[in-house]
Amino acid sequence: ESLGSYFLKIICEHFKSSENIGKALLFHVEVLLQRKEELLATEKIEEIIIGHQTGRQLTTELVGCLHNILWKKAAQSFQVEDYADALHWYCCSLRLYACDQTYLDFARLQRNMAACYLHLEQFDKAKEAVTEAERRDPTNIFTKFYVFKIAILEGNSDRALQAIATSEDLLRAEEQEENDVVTNRSLVSMFLNLAAQLALQNEQQIVAEKALEYLARYSEDAQEVIVALKCLLRLLVPKVSRMPESENKKKQMDRLLTCLNTALPKLAQYFDGEVSTSGSRTNEAHWFRKTAWNLAVQCNKDPVAMREFFIISYKLSQFCPSDQAVLIAQKTCLIVASAIDLEKGRKASTISEQTMLLNRALDQIHKCRDIWNLLKETGDFSSDPCETLLLLYEFEVKAKMNDPLLDSFLEPVWELPHLESKTLETIASLAMEMPAHYPSIALKALKKALFLHKKKESVDVLRYSKCMHSLINLLVPDGVPNEELCPLEEIWGCCEDALSLISHTEGYPEMEILWLMIKCWNIGIFMYSSNKYMSSEKWCGLALRFLDHLGSLKRNYETQIHVLYCELLETLNKKKGPTC
C-alpha cells in the first residue's frame, strides 16, 4: 500500500499538466480514505477543489465521481451519528457545486445538510438549507418532509398542515402525468407516517390527526391503514366525547364515521374476505366494532348518526367469530337501525323517501331474524323482546307498503301462544296509522287484546279502558253514526263489558266513563232521529247507567241528562206506532 501510494504521488506530480490528471487525483483521495488518512485526504480534496475553481477544472464525469466520494463518506459518518463530520464532507461537496450539476442534486445536498444541522441543533442553518432546497425542488416529497419538520419544531402548525396537504397535490400531479404513481404513493405514505410520529412527539395533535387521515386515505397497505385509523380514532374519540352538542361536534362525528367506513374495506382486504381465527386480526375487528358501538350510544340526540354507527358496527362484527356476544351485538345493531328507519319513514316528506326507508328497514329485519334464530340456539332468551319487535316492525313495513300478503303474514301470528295484549294493541295501532288502513285487522287485534285482559286475575284497568276506547272508536267513528256501517249489537256488547268491569273494579278512568256515556247517548239520539224509539230509549238508558259511575263530573251532566231523558220518555209515550 505504501508503495502504491508513493507511485500515486509521482504520477500526480509528473502528469499534473495532463487533462486526465483528475482520475489520478480522485484515485489518490480514495486510497487515502481507505487507509483512514482523512487529514491527508481532506488536504488533497481541498487542493482539487481549489484547482477546479482556478482553471484546472475536472470533467463533468469526474466532478460527479468526487461528489459520490464525498457523499458516501458523509453518509458513513451520518450513520454512526458523527453529524459534524458528515456536515464537513457535505460542505466540501457544496464548495464543488457548479452549474454542471442539476438543481435536483443541489436540493438533495441541501436536505442532507439540513438533517445534519438539525441533529447538531443548529436550527437557523437547517432552516436556510431547507429554504434553499425548497426553492430548487419544491415538489420533492423529501423536501416537503424537512419543510414539515422545521414547521413542527417552530410550532407553526399552519405551515406543517400545508406541507401535508401538498402530498395530495403531488400524487394528483403524478397521476395526471402517468408517472410511477406506485412508487410515489409509497413515498408519500412513508412521509405521512413519519409526519404523524413527529407531530405527536412534539404535541401537535391536530397536525398528527391530519397526517393520519391522509395516510389512511392514500396508503395501499391495508395493515398500515388499519394502524393509522386506530391511532387516529384514539386521538379523536376522547376529544369528541367531551364536546358539548353543537354543529362542530356533528362534523367531528361525521369525521369519525368516515374513519370507520374507511376501515371496513381495509379489514375486508386484511381478512381476504374470510372470518379469521387469528387472534390479532380478530382483535382488530373487535376493536373497531366496539368503537363504532360506543360512538352509536353517544348519539342519543342524533338518531341518524346513531343508525350509521350501529350499521358500521354490525358490518365490522361480520369479521368476528359468531359467538353469543357478537350475535347479541349484531341483533341489537339491526334492531335499533330498523327502529330508526321506521321512525324516519313515518315522517318522510315524499312517498319515494318513505319507500326507500321501509325497504331498508325490511332488509335489516330479515337479517336480524336470521341472527335471532342462530342466537336462540346458544341459550335461553325467553325474556328477550326481539321476537315481538321483529314481528311488529315487519308488520308495520308491510302495512305501510300495502303488501297484498299482509293477511297471510298475520295468520301464524294470531296463533302464537305467548302473544301479549300490548303487542296486539300495537298491531291495531299500526294497522290504522297512515298510509296504512286495515280496520278489520285492527278490530281483530283489539278484540284479542281485550280477551287477554279479561283473562288475567288482576285486570290492568287503564290499559283495558284504552283498548276498549280504540275498539268502540273503530266500530263507531267520531261523527254521526250510520246504522248500516256500525254493528250496533257488537257495540252494545262492548259497552256492556265495559260497564261490567266498571261495576266490579276500581280505577276505571272517569274521562273514559264519560266518553262511553256520551257515545251511548249520541247513538240513542241518532236512533230517535231515525224513528227507532225503542232503540233510542235503550241506548239512552245505557248512557244513564254510565252516568251513575261518574265521580266529580257527575253533577255537571246529571241534571241535563235526566231532563233530556224525561223529555225523551214523554215523546216516546206520545209516539205510538209500528216504528216503535
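Q: Is Glu-213 buried or exposed?
A: Glu-213 counts as buried, at 17% relative accessibility. The model is a predicted one.

Q: What does the side chain of Glu-213 meet in a salt bridge?
A: The partner is Arg-255, with an N to O distance of 2.9 Å.

Q: And which helices does that pair tie together?
A: Glu-213 sits in helix H11 (residues 205-218) and Arg-255 in helix H13 (residues 247-271), so the bridge connects parts that are 42 residues apart in sequence.

Q: Arg-255, buried or exposed?
A: Arg-255 is buried, because its relative accessible area is 17% and the cut-off for buried is under 20%.

Q: Which residues do salt bridges with shared partners join into one network?
A: The network consists of Glu-343, Arg-346, Lys-347, Glu-396, Lys-400 and Glu-433.

Q: How many salt bridges does the count come to?
A: The count is 34 salt bridges.

Q: What about Glu-46, which residue does it form a salt bridge with?
A: Glu-46 pairs with Arg-95, and their closest N and O atoms are 2.5 Å apart. This pair links distant parts of the chain: Glu-46 belongs to helix H3 (residues 38-53) and Arg-95 to helix H5, 49 residues apart.

Q: Where are Glu-132 and Arg-136?
A: Both are in helix H7 (residues 123-136). They are 4 residues apart there, so about one helical turn separates them.

Q: Switching to pockets. What volume does the largest pocket have?
A: The largest pocket has a volume of about 520 Å³.

Q: How many residues line the largest pocket, and which lie nearest its centre?
A: The lining has 19 residues, and those nearest the centre are Asp-384, Pro-385, Glu-387, Thr-388 and His-418.

Q: Which helix gives the most to the lining?
A: H18 does, with 5 residues. Helix H18 (386-400) and helix H20 (421-431) each supply at least two residues of the lining.

Q: What is the lining by class?
A: There are 9 nonpolar, 6 polar and 4 charged residues in the lining of the largest pocket.

Q: Backbone next. Where is there a cis peptide bond?
A: A cis peptide bond connects Met-434 to Pro-435, with omega at about 5°. Pro-435 is in the loop between H20 and helix H21 (439-455).

Q: Surface now. Which residues form a nonpolar patch?
A: The patch is formed by Leu-3, Tyr-6, Phe-7, Ile-10, Ile-11 and Phe-15, with about 590 Å² of accessible area together.

Q: Where is Ile-11 found, then?
A: Ile-11 is in helix H1 (residues 2-14). Ile-11 is partly exposed, with a relative accessible area of 36%.

Q: Last one, Arg-281. Which helix is that in?
A: Arg-281 is in helix H14 (residues 279-298), and Arg-281 is partly exposed with a relative accessible area of 30%.

Q: How many residues apart are Arg-281 and Tyr-270 in sequence?
A: Arg-281 and Tyr-270 are 11 residues apart in sequence, and in space the C-alpha to C-alpha distance is 8.0 Å.

Notes. Residues are numbered from 1 along each chain as its sequence is written. This is a predicted model: local features need pLDDT of at least 70, side-chain atom pairs count only at pLDDT 80 or more; totals for chains, interfaces and linings use all residues. Side-chain values use heavy atoms; hydrogens and water are left out. Patches are made of residues with over 30% relative accessible area and no salt bridge: like charges are joined within 9 Å, nonpolar side chains (Val, Leu, Ile, Met, Phe, Trp, Tyr) within 5 Å. Accessible areas come from the Shrake-Rupley method with a 1.4 Å probe; for residues, only the protein chains shown count as cover. A salt bridge is a side-chain nitrogen of Lys or Arg within 4 Å of a carboxyl oxygen of Asp or Glu. Buried means under 20% relative accessible area, exposed over 50%, partly exposed in between (1.4 Å probe, protein chains only). On a 1 Å grid over the protein atoms alone, a cavity is a set of points where a 1.4 Å probe fits but cannot get out, and a pocket is an open set with protein on both sides within 12 Å along at least five of seven lines; lining residues have an atom within 4 Å of a point. Grid points are joined across faces, edges and corners, and a volume is the space filled by probe spheres set on the points. Ala, Val, Leu, Ile, Met, Phe, Trp, Tyr, Cys and Pro count as nonpolar, Asp, Glu, Lys and Arg as charged, and the others, Gly among them, as polar.
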